[in-house]
Amino acid sequence: MATISSAMSIMTGALDADQQALNVVANNVANANTPGYTQEVPTWQQSESVQIGGQTDGMGVTETGATSLRDRVLNERLDQQQQLASASGTRLSSLQTVQALFTPDSGTSSSTAGDIGSDLTSFFASFSSLEADPTNTSLRESVLSSAKTLSADISGAANSLNAQQLSIDQEASGITSQVNSLTTSIAQLNQQIETTSPNADAGTLEDQRQEDISQLSKLVGINQITTENNGLSITTTSGALLVAGANNYQLSNGMVDGVTHFFVASTATASGATSDGSSAGGTDITAGLTSGGGELGGYLTVRDQDIPNVLTSLDQLAYGVSTAINTANNAGTTISTGTVPTPNNIFSTPPTNVAGAAAAMSVVMTDPSLIAAAGAGDATGDDSNAVVMANLGNQAIINSSETPTNFYSTLVATLGSTVSQAQTENTAQSASVTQLQTQSDALSGVSLDDEASDMSTMERAYQSASQAFTILSNIMNSALNLGESTTVS
Amino acid sequence: MQPAMREIVVEASRALARLDADRLEELALSCQALNREFVSASLQDRSLLAAQARDAAGEMAVFSKVIEATGANLEVLHRARERRGNRLEYGQPLVRNWVPAENGHGDN
């Protein structure tokens, strides 16, 4: 039979255990606003029972420490969605700046890149005006003036795009040091966790590591691999190793063909950062980082894909218009009484490989009498070559497939569609992050039963949304094919 | 007529983002009502709805993506819950250690 002393001992032990559990709760309250802190719960252990006179008596419980309520699977999913949302947000922001460049500048007298569409119309219309009076100097000056406005807007757009590309390049290169700082910190935390808490939850150390991983996810697309002793390896989404246990592999950047490339050190001890890519001593992972997620992925997608696509289109437009107009002008007869230069071009000769044609576009003709409005061998009052040049505006002179105005409209529409798509992606990914954040926050404070209830709510939400979507899709399809009725009830 | 289709779609995306099941169930009912109206609508009303449908196309793309992401999140949460359930059932430690695979069993 247990004695009063043993009963008192059990009660004292219980009070001690409760006191320690209260300390855990107090710690939770104190850290309620600490970023990345995960709520802890006390761990109870039953004390050894004692046998007195053939009867077994329990000896109560002791508190053996605290365990953080974290879920690594959920955290990984959250990090993964965060890096996608971060990439699409960065891309969207940069694309909106590009798109703003092509917004028509109505209401002001100055012409900008956004006026290229109307510039093209005005330019070809100026030849139509010249047809009525081919020797009229004022009309000839009007042609050159329209040409100057068009070339200035096209070259201005190309130069602005190049400037934006350079600015994005600088933003991207600035991320390197932040990534290195975080991977260094994660490697150090890995070492502490593996040393001090290889077989149990490491509490605040794991919180700090998770916070660093979340920050890293916003910067660059990563994969996480759990290793022995509670360690963690981190690679980029393309598989380049950034952290392996207590070692980190520094990211560096260097210039290759005028743009910043990113390298990852091949050894953990390499310092990495240099100003020259050729001496960085690591592997070039730039292509893998593009579209790989995080801010860096977003920046590189705009720098290496979106802006080059727009620039290529502008180059094709500038090349097509310059080449066609110059060729036509050289085929006609001028009203000049002096020496006619050879070649007698209106626009500067574009580069033969098309690339750079937009930035280099300019008007080289200064004397309006050199405009060859008359046909070859015709009298100076003839307008047949002016008609030819006016008609070029309605001919497929861009890539031999599209008219200048249609080509430019497609360029602007494609850019708008890309922005819209990035907006859609970003909105959806942000919503996904919100959902996961809510679940992650809820996890640390609920029982499995409460969690099942939360899951049930989420499933209800998902099913109701799917039902609404199905009905709306059917209505939309039916509405857009008027006369066809829907079968959804 | 029910609220414009675009408003319904935008509200549905927002409700799904914050997992507001009650609101989504209301919206699903609104969609059913909208569908009934559409079936019995005159040609003129159907034209109006066609214009609304075109207007809501962008928001439908967002809604579709959010549903897709929610489905993936739900799957991850199911797995996470299953994992935690198993861990409690078998009394495994909260931190699962990585154990290297044994060599010699199909290892190449």
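Trainee: Which residues in helix 1 of chain B meet which residues in helix 2 of chain B?

Mentor: This is a predicted model, where local features need pLDDT of at least 70, side-chain atom pairs count only at pLDDT 80 or more, and totals for chains, interfaces and linings use all residues. Residues are numbered from 1 along each chain as its sequence is written, chains are lettered from A and ligands numbered from 1 in the order in which they are written, and side-chain values use heavy atoms, with hydrogens and water left out.

Helices here are DSSP runs (H or I, at least four residues), numbered from the N terminus, and contact means heavy atoms within 4.5 Å. From helix 1 of chain B come B:Met5, B:Ile8, B:Glu11, B:Ala12, B:Ala15 and B:Leu16; they meet B:Arg23, B:Leu24, B:Leu27, B:Cys31 and B:Leu34 of helix 2 of chain B. By class, that contact has nine nonpolar, no polar and two charged residues. Ala, Val, Leu, Ile, Met, Phe, Trp, Tyr, Cys and Pro count as nonpolar, Asp, Glu, Lys and Arg as charged, and the others, Gly among them, as polar.

Trainee: Why does the spacing of such residues follow a pattern?

Mentor: An α-helix has 3.6 residues a turn, so residues three or four places apart point the same way.

Trainee: At what angle do the axes of helix 1 and helix 2 of chain B cross?

Mentor: Axes are lines fitted to C-alpha atoms, for helices over the stretch in contact, and angles run from 0 to 180 degrees between N-to-C directions. The axes of helix 1 (residues 5-17) and helix 2 (residues 21-39) of chain B cross at roughly 155 degrees and come within 9 Å. These two helices of chain B are therefore roughly antiparallel. Angles under 35 degrees count as roughly parallel, over 145 as roughly antiparallel, 65 to 115 as roughly perpendicular and the rest as oblique.

Trainee: How are helix 2 and helix 7 of chain A placed?

Mentor: Helix 7 (residues 294-330) of chain A packs against helix 2 of chain A at about 40 degrees, with the axes 7 Å apart. The pair is therefore oblique. Their contact divides into six nonpolar, seven polar and three charged residues.

Trainee: And what is the angle between helix 2 and helix 4 of chain A?

Mentor: Helix 2 (residues 72-101) and helix 4 (residues 137-196) of chain A pack at about 165 degrees, their axes 10 Å apart. That makes helix 2 of chain A roughly antiparallel to helix 4 of chain A.

Trainee: Where are the cis peptide bond and the positive phi?

Mentor: Most residues other than glycine have a negative phi, and most peptide bonds are trans. Here the bond from A:Thr342 to A:Pro343 is cis, with omega near -5 degrees. A:Val354, not a glycine, has a positive phi of about 70 degrees. A:Pro343 is in the loop between helix 7 and helix 8 (357-360) of chain A, and A:Val354 lies in the loop between helix 7 and helix 8 of chain A.
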